[in-house]
Amino acid sequence: MRRGFKSEAERRAEAARAEMGLDRLAKLDPWAYADHLGVIVFDVNDLELNPDHTKQLLVRDPDSWSGMTLDEDGVRLIVLNNAHSRRRQCSTLMHELSHLVLDHVPASVNVSPSGLTLLSDYSDEQEEEADWLGGALLLPQTALIHHRGMGWSVQALADHFGVSVDLCTWRCRVTGVEKRLAFRARA
Ligand SMILES: [Zn+2]
């Protein structure tokens, strides 16, 4: 990951809240954030695919994909796999929005016969950045320090921010929040 990106992600998480009139410790709902960015969010049922294709995506093969971003004449559309839990969709959506916010350009694009462009095939570095920024937008370091410092459990944090416990555990570890708390407890 390029130097300074982690601090940049925290700044972006704070700026996104400010733009939306939210407190910097507040929960940022990815659906509301998408709306703010002018991005349309669909689930598979909104696509009006033929029932066989819908069944393939949601029933037979639900783990093969979690979300995709499409472009139609400059209008961005994110499709989420609604067979996944709301909390998983939450992090998928923030990941996809992060690619857009960071102006990532895919290595190649696929255009469907109806003229829809599928934005995928990002580089590993871009995937890493989108994971990192997505996590920071959902769980900014400041909010983790504040709430964990007040004695909230990781589970309580995950419930409050509407994300998975796994994501919350990962963020507390990689932002150094757990280390800081352990140090404080010893001091
Ligand atoms: Zn991605």
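Reply:

**The zinc site and its surroundings**

With a relative accessibility of 15%, histidine 95 counts as buried (buried is under 20% relative accessible area, exposed over 50% and partly exposed in between, using a 1.4 Å probe and protein chains only). Keep in mind that this is a predicted model, where local features need pLDDT of at least 70, side-chain atom pairs count only at pLDDT 80 or more, and totals for chains, interfaces and linings use all residues. Residues are numbered from 1 along each chain as its sequence is written, and side-chain values use heavy atoms, with hydrogens and water left out.

Now the metal. The zinc ion has His95 (NE2), His99 (NE2) and Glu127 (OE) as its protein donors, lying 2.1 Å away. Donors here are N, O and S atoms within 2.8 Å of the metal (3.2 Å for Na, K and Ca), and with water not among the atoms, sites may look incomplete. Along the sequence the donor residues follow the spacing H-x3-H-x27-E. Histidine 95 belongs to helix H4 and glutamate 127 to helix H5 (residues 124-138), so this pair ties together parts 32 residues apart in sequence. (Helices, H or I with at least four residues, and strands, E with at least two, are DSSP runs numbered from the N terminus.) Glutamate 127 is partly exposed, at 28% relative accessible area.

H4 gives the most to the lining, five residues. The lining divides into four nonpolar, eight polar and three charged residues, with Ala, Val, Leu, Ile, Met, Phe, Trp, Tyr, Cys and Pro counted as nonpolar, Asp, Glu, Lys and Arg as charged, and the others, Gly among them, as polar.

Asparagine 81 is buried, at 0% relative accessible area. Its side chain reaches the backbone nitrogen of alanine 83 at 2.9 Å, a polar contact (N or O atoms within 3.5 Å; within protein, one able to donate a hydrogen and the other to accept it, and residues adjacent in sequence counting only if both atoms are side-chain atoms). Neighbours within four places in sequence aside, asparagine 81 is in contact (heavy atoms within 4.5 Å) with Val44, Leu57, Leu58, Pro62, Trp65, Ser66 and Gln89.

Last stop on H4: arginine 87 lies in this helix and is partly exposed, at 32% relative accessibility. Apart from neighbours within four places in sequence, arginine 87 is in contact with Ala158, Asp159, Gly162, Val163 and Ser164. Its C-alpha atom is separated by 9.3 Å from that of phenylalanine 161, 74 residues apart along the chain.
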